[in-house]
Amino acid sequence: MRYQFTYFRTFLFLASFMVCGSGLFAQVFPVDLSLNIMRPHAPAFHTLGNSTGFGHHPNQIQLFLTLKDSREPMLNVGLQWEIVTEKGRYTANPELSFIPINLVFGMSTSLTNSHLSAYFSEASFPSGMLNNGFLPQGACEICVTAIELTNRSPVSLKSCAFLFLEELDPPVILLPLDSIIPYFPQNVQLSWQPLHAASFPVEYTLEIWEMIPGLTAEQIITSTPPFFVKFIQQMTTAFLGPSDPPLMVGSQYLAQVTARDIVNMGGVTPAYLFKNSGRSPVHIFKYGYTLNDFPCEQPTGLGYDTSEDLETYIFWDGGSIPVQGQGIVLGNSETGGNNGSFRSFYKLNWREKSETEPSGTWSNHTTDLAYYNFDDFKRGRTYQIFVEKACPSEMIPSDTIEISFSQFLPERPYECGQPLLDLMLENQSPLQNLFINDTIMAGDTRVIITEVMGGNGNFSGEGFFKSPFIKSIKLAVEFKNIRINDEYRLVQGDIITKWDPTGSNIIDGDGLEDLFDNDDFDVPEVFITDVDSVGIDENGNVIVYHDGGTTTFSQPIIVNSNTGSYVVSGGYVMPILEDFVIPDNLMPGVRLKFAAHENSAFGFDPYDDRIPDQYQSQEDYKIPYKSIARGLADSLVGILEGDWDINKIMLISSRGAVLPIEVMGSNSLLIRTAGVDDNEIIYAIADNGSGLGLFFQKSYQYTNYHVHLVKVNNAGNSIDPAVLENSMNKILHQGVTLSTVNFHPIQLTDTDPDNLIGAQSKLITAYSSDMNRIIRSFVNQAGPGLEENHFYIFLVDNLQGDVAGFMPQGMQFAFVDVAKVSGNSLSKVLTHELGHGAFTLRHYWDDYVGGPDVDHGNLMDYGPNGTRLLVRQWERMHQQRFPLPWLDGDGDGQNVTSIKPPAVFKNTDDISISFMSATGEYHHLYRLDNLVRVEF
């Protein structure tokens, strides 16, 4: 209240002064206040409360306050702000004037933007003052008054700063001219002129569009993305060089430059406003220039050839495969007026051709040569190719040719010291599936697959390759977790050549076809117009109702029609969804897991964490395998984990067939699936199209084996073949095989001096002399020509040691000691031995993990009750057709053990071998008696 008294005293003094005859009147305030807002002035309101940035910042505030009343040593004041624009007068929130500012007599207080930021937030003034954070264009006055905090009276004169705010003009493009000469390599200059007067850092965005016939420039810019975008700071020139997208000769283009201030260091709100959002007027230019009398003809002689190092070259206009790096440069220089000169060049275009779906997009390469080293292709594909010649104002295309590339390069004759071909492994696209009898390339070497597991580029298995210098010899190989691209090339991992003293790594080429199941089974497909429905009658026949009539078929069959397609197999009609889209990923938090049904007829192999390299995963989902016979049906269970309606789930095969399902509860489904003619992926799909899970279905043709029990010295009299057959088939059905079991009419009597049949060990790889004696006795009575797929089990009671059963891989004869095993154990042992002989399955620990003393629950380990078969074992069961005919009646020939390498490898010194590895390296090995295995 003290300043009310002071004012009154001052008033009396002034009144007296006026009474005494003076005509002057002046009000005196205790605080001097001076406001200055430095240029440049920007319309962005946030700049008044922010002094950061680089360069000179707009709207820098300098506010000076001085307490000049000597009777008051200190004074706390507040500030009242006011902004006047052409739209009106706006006063800051009065509560802000309570923010105290301490003044000391005689000392000047200086305040800047950072001190005053609280007064210049958008919430500090009425909402109608700003437009998207900007003050209105035109004259603007910002004023401030100091207020005494206690009585809310002014203690200073009002101080104002004047600003004139305006939108700035955008730039205008100067170059290129309306029509320009094309150059090789491409080098097009674009430049523009800034039109704003203010000086501050500016970022320019250069955008270029290709003209589209029938559309205006505005329609092109607003509805299509630019094909070229470049950001330039401060500079007003840019170039389109060889590494930028190429301009098309003869085409017209739109160019536009957008200016944006970067005073705010990349902040969301700029400091300045540009007219038209900073966009320049659209500039139109043609990439081409008319030159009189310039000769330009269609390219001719387009063709291709392969060089000595098996590289493919495409050539035209007299070009050819280059010699010592010298190519042919074509094109004539011509004067182009004030735009310089022109030299012809070419653009080679190619794309992959597809017979079943739209061909790929065109790729291209620009060159001034008349040839091109074409390595941008995938083997096993066909490509369409044409070349264009650049004339000053247009491109002249050649005729189009097609080039078909074989899956693999032609084999080269091997020579010592011959270098490897260029591997060209840039293609890392994974091969989705690899099958038996497929061929892959490891460097220069072709490897034929005999056993394989995996997918999506990663595979494990076995195979063989031909010796590069002795074509009749094929060497066995194995591989684990290798990576194959979609050109069937090895791009990562090792393929190891196997070697052992028995020579089992050498495959007889003449009998090679007998190693494989040449399964040519295909489900028939028919096309019928206007199918109304498809059903199955009481005899299992497929009835197709169409166009007022019916047609009958046998199962399985695929019915195609213009009104819908169906898969009919295993007693189920499954409609095919033509618009089915395989989901890219799985729905978060919801999964449908699969398990074997109690009445499953065939195999189910769930993901085994002990051997993860044998399976695949998608995200966190571990994918199982299901086996099934072609033309038959089977069941499995789906268990829902997560929050989803079980009634809103479908099971759809990769060909789009909808599987029959039955809801068994709130979280489980009974799923019916049927075998068709190939392997499929079965997807669980939610009604919103998201994936919930999947499993791989392996379809096999049923294979039947005949097992004959041969009693030796009346061993096995108590065995019931029917019971044994039933137990064995429960195991074999996992691999879609079955056996018939009976007693052979021939019974043997064997007199053994020590009453023991020598077995040597569990890991023996050939018959012992005792076993050969029994085999010879049987063959002499049965006669020559033992049938394929027939196996003979000698039931004995005196195998030496703890060996319960024995059957070498690929052989017809087995020995089982019925004194050591009976009941379920007998069916386990007999099926285990049949796994060795009929299917060449190895012991579980040889292919996976663990050892002979660990029970893994698998048929091929020594556990007493293990019956499980894995998917890799299913595959192996359908690769073999043993015993081979050349085994029949061989007597002692069944013993294939050898302590020497095959003669084809031996050098003339008889103590060493020489060979060339798959990498082309030449090797010598000595001390053959100690040779067990070679890897390279």
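Residues 24 or more positions apart account for 66% of the contacts in the protein chain with a separation of 6 or more, where a contact means heavy atoms within 4.5 Å. Please note that this is a predicted model, in which local features need pLDDT of at least 70 and side-chain atom pairs count only at pLDDT 80 or more, while totals for chains, interfaces and linings use all residues. Residues are numbered from 1 along each chain as its sequence is written, and side-chain values use heavy atoms, with hydrogens and water left out.

Let me continue with the chain as a whole. The protein chain holds 7 helices and 58 strands; these are DSSP runs, numbered from the N terminus, with helices (H or I) of at least four residues and strands (E) of at least two. Of its 936 residues, 49% are buried. Here, buried means under 20% relative accessible area, exposed means over 50%, and partly exposed lies in between, with a 1.4 Å probe and protein chains only. The accessible surface comes to about 44400 Å², and carbon and sulfur atoms own 51% of that surface. Such areas come from the Shrake-Rupley method with a 1.4 Å probe, and for residues only the protein chains shown count as cover.

I turn now to the strands. In what order do the 5 strands of the open sheet run? The order is 10-16-15-12-13, with mixed pairing; two strands pair if DSSP finds at least two bridges between them. The edge strands are strand 10 (179-180) and strand 13 (228-233), each of which pairs on one side only. Within this sheet, strand 12 (residues 202-210) and strand 15 (residues 252-261) are antiparallel and share 9 bridges.

Strand 3 (residues 74-85) pairs with strand 4 (residues 88-91) in the antiparallel sense over 4 bridges, and the hairpin joins them through 2 residues. In this pairing, Val-84 stands opposite Arg-89 of strand 4. Further along, strand 36 (residues 542-546) and strand 37 (residues 549-553) form an antiparallel pair over 5 bridges. Ile-543 faces Thr-552 in strand 37. This hairpin also has 2 residues between its strands, and Asp-547 takes a positive phi near 45° there.

Next come the salt bridges, each being a side-chain nitrogen of Lys or Arg within 4 Å of a carboxyl oxygen of Asp or Glu. By this rule there are 29 salt bridges. In one of them, the side chains of Asp-32 and Lys-68 meet at 3.0 Å, N to O. This pair links distant parts of the chain, with Asp-32 in strand 1 (residues 31-38) and Lys-68 in the loop between strand 2 (60-67) and strand 3, 36 residues apart. Asp-32 counts as partly exposed at 39% relative accessibility, and Lys-68 is partly exposed at 41%.

Another salt bridge joins Lys-347 and Glu-388, whose closest N and O atoms are 3.7 Å apart. Because Lys-347 lies in strand 21 (residues 346-353) and Glu-388 in strand 24 (residues 382-390), the pair ties together parts that are 41 residues apart in sequence. Are these two partners buried or exposed? Lys-347 is buried, with a relative accessible area of 8%, and Glu-388 is buried at 11%.

Finally, I would like to present two buried residues. Ser-827 lies in helix 5 (residues 823-839) and has a relative accessible area of 5%, so this residue counts as buried. Not counting residues up to four places away in sequence, Ser-827 touches Leu-724, Ser-727 and Met-728.

Asp-861 sits in the loop between helix 6 (844-847) and helix 7 (871-877). Its relative accessible area is 1%, and therefore Asp-861 is buried.
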